[in-house]
Number of protein chains: 2
Amino acid sequence: MGKLYDRIRDPRLKNRVVSAEEAASWIKDGMTLGLSGFTRAGDVKAVPFALLERAKEEQIKVNIFTGASLGSDIDKVFAEAGIIHKRLPFQADSTMRKKINEGELLFVDHHLSHTAEYVRENTINPIDIAILEAISITEDGMVIPTTSIGNSLSFAKHAKAVIIEINMAQPELLEGLHDLYDPEKQGERFPIPLTTVADRIGTIGIPVDPEKVIGIVFTDQLDSPSNIVPPDHETEIMAQHLISFLRSEVKKGRLTERLAPLQSGIGSVANAVLYGMLNSEFKDLEVYSEVLQDAVFDLIDAGKVNFASCCSITLSEEKMKQVFGNFEIYRDKLIMRPQELSNHPEIIRRLGLISINTALEFDIYGNVNSTHVSGTKMMNGIGGSGDFARNARLAIFVTKSTAKNGDISSIVPFVSHVDHTEHDVDIVVTEQGYADLRGLAPRERAPLIIQNCAHPLYRDQLLAYYEEALEHGGQTPHVLEKAFSWHANYSKYGTMLEKQQNYDELRLQYSF
Amino acid sequence: MGKLYDRIRDPRLKNRVVSAEEAASWIKDGMTLGLSGFTRAGDVKAVPFALLERAKEEQIKVNIFTGASLGSDIDKVFAEAGIIHKRLPFQADSTMRKKINEGELLFVDHHLSHTAEYVRENTINPIDIAILEAISITEDGMVIPTTSIGNSLSFAKHAKAVIIEINMAQPELLEGLHDLYDPEKQGERFPIPLTTVADRIGTIGIPVDPEKVIGIVFTDQLDSPSNIVPPDHETEIMAQHLISFLRSEVKKGRLTERLAPLQSGIGSVANAVLYGMLNSEFKDLEVYSEVLQDAVFDLIDAGKVNFASCCSITLSEEKMKQVFGNFEIYRDKLIMRPQELSNHPEIIRRLGLISINTALEFDIYGNVNSTHVSGTKMMNGIGGSGDFARNARLAIFVTKSTAKNGDISSIVPFVSHVDHTEHDVDIVVTEQGYADLRGLAPRERAPLIIQNCAHPLYRDQLLAYYEEALEHGGQTPHVLEKAFSWHANYSKYGTMLEKQQNYDELRLQYSF
């Protein structure tokens, strides 16, 4: 136990150690919990399961607020057990998704930079208990986060009580990497003094009032590994299209070979696109992102990325071993920030990020749906994509041009849910090519998107819609009665492809 | 002429005076012109008409980039003459609107804070000639703008050549009111050092390279007066709803009676809502907005508003006489900024604005359409509403619950165009009431919006849609096939009201 207690360096807190069961016993039905955790990294791993045990015996429902998605299957088991009333601001679990879409729990999907403002202003349910994973507690009571920061600073500051899980399995070398900065109240705050990706502007831990720390629990369990799939032929081609575009920006004198700080969203496609940088001419790159996935560490290894700022580190099992087994290599190239800072519009606009996020679908005018399958069913949530896209130097959205074996076109007449409006989308990329929408009117955008990004299987069908829409006129021509007919067809017939075309032949031609 | 030349205090520029005709002769077919002017204020009034004369004799098409809408019927006559290839970022003229919707000119509708970034980064067509209205030119060559700043700083800095119109009819007392600040290039810029509404951070004029000034033209013509209509019974009720909401925020300790800096969009409804503050308990207010309309000056007169920052001053004919006839009263209570600053996300988020903008329609989940009638036809443009709504402390959208004598419901199942997503909309207000959407999941939003904001004539019909959608399930339940049926019905039958209801009786009941 000596080694354990060494991690509680503040003498005032050494007597707060409890079991997970005892900590969970303080959670009451109806409470709002603020949990650490962002994209499967740095979530608390003991108290949630102790709470789950309690919930087998008694009626308990809580609101769960986090940084983003949780690992350790917490979202899954909580959703299965039906103990969540309201969940925000992001999740990525298949069971929780199902329950959300069945209306069994309320999910509030909002910009990841906004949660801290809501908590600070007491706009949403006040946090009763913050439950935060830590590496250690410093001599002066600062809580050192682990592999993510998320909303932990905000939760700790505004919660009535705080429970800390010290995770002995998380790498101790992370201490010193975190940069905790609180912008303070709107109307009373100063400019955020960050002008380069590597700037350190805050403290290495979360200052927590020791009086509020009601319990400290020890754990010893790694984060859940990420579940991204490796690049495939199509994502490699998408990466090449993106690199061609960036190369043309360099040629036009808008960028140098150092590009601009990169942000890349969570997920396989965005990760694969970053891999494309490995064999490019671009160098001395910087990353200012929410999440660092495997690709960023490969880019650091290859000498391509000099520095990366993030809010969480989410790696595959293999990469986790490599990175945390050799962490001294990476330590001086990383900084971790609260999501309010990693996603802050002030910083994103100032640094002029190149922002790469994944779309579920986009339409012929460049509106993007990032969240809702068929306009109704939640996938994961908007996450930080809106924070970045609105203020980035380049807001880039990537998606494969088709899904479900060619039966879904990712380019549609009208997106069935809008997360990013035409005003916020600069470049769209599929394996077919890219469309640069900057400075283009809707009537210029549609033909370009159809020609450059849509799958050949769907081009004529999109053009036919657009041509019919043109007959109706307007700044943004549409045939409203048919705007969602592609989604309706998919739901009825299992395909967006119109049957009157030479369906089977076409599909064969493109080897679907 | 002595008096005229006194306005050119830089001796290097006294020899540049030309006629409007000569200045217009330098404009070539295919050029991109950057014009001063923002919401009918501070536009150039001579060179455009001289250009129009030329266009009668020769084939000429130009791109017209401005701050926002122009006065003096320039957009109208340019659109009629067919001399515009591309227009951005905002317009509000009925003829131009018609031509845009007929596809006769290209209109790029984007966030007003973004134009300067595009010009700086050379992302859109480079500005060939900036044509700017001024009060005077200082000893050191700074151009003092008139009743608006718009994008003039950006146009002047990046244009190949500059033409200045010195307007003798604009009040000289405006000199000293402007605060010109250029954030400089993304990636190389510092925090914008503005932390209160009244902070002065730049110069009183636009620094222009004298070598680039190719001509100076004298004019003597007032701005076009604003064409807003006075408050009516419904807008007065809307103002009262808004005030009730703000009052409840004060009660909850989220605001004080000083509220927070107010932003109010252009138009009659937003203006009327501001008038509601006159008889409220709120005091020592500040305004940080794009446009100051009549209401702000009445609020200053009443001692309600202490200070107002803006990008343009757009007044009715009567108010213009009163304000500019007694300008010494207002001079120390005003500051004028480029639209990149009045609309900058960094500042909006830092100050925590209360942002009030007009919606054309919103849907049962809180998505807002600000621009497109029936999803296709452009009205004016998004303007600054997105800049403000995304980062404001409170993003409020106001609209009457019906239009066209009750045949249009402004609350619909699915907005026919999305300018502001559910993620960016906090409060919606109609004459029926308000809905506070913060922290609510879609299934909480819909019943609240229908109950509080929809007109009783349409409530059952909206509920019926929502209940059918619920059967389909999802995070955001919809019946995609029927999502736009209300718009289709209006287009076919002239009303969104379903005929199977007791149509005539209902209409009588609500005195339509």
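1. A:His417 lies in the loop that runs between strand 25 (411-412) and strand 26 (427-430) of chain A, where strands are DSSP runs of E of at least two residues, numbered from the N terminus. This is a predicted model, in which local features need pLDDT of at least 70 and side-chain atom pairs count only at pLDDT 80 or more, while totals for chains, interfaces and linings use all residues. Residues are numbered from 1 along each chain as its sequence is written, and side-chain values use heavy atoms, with hydrogens and water left out.

2. With a relative accessible area of 5%, A:His417 is buried, a term that means under 20% relative accessible area with a 1.4 Å probe, protein chains only. Leaving aside residues up to four places away in sequence, A:His417 touches residues of both chains, among them A:Glu361, A:His372, B:Glu422 and B:Thr476, contact meaning heavy atoms within 4.5 Å.

3. Of the 78 residues in the largest nonpolar core, those touching the most other members include A:Ile354, A:Leu246 and A:Ile396; such a core is a set of buried Ala, Val, Leu, Ile, Met, Phe, Trp, Tyr and Cys residues joined through side-chain atoms within 4.5 Å. A second, separate core has 77 residues, including A:Ala441 and B:Tyr118.

Terms used:
Chains are lettered from A and ligands numbered from 1 in the order in which they are written. Buried means under 20% relative accessible area, exposed over 50%, partly exposed in between (1.4 Å probe, protein chains only). Helices (H or I, at least four residues) and strands (E, at least two) are DSSP runs, numbered from the N terminus.
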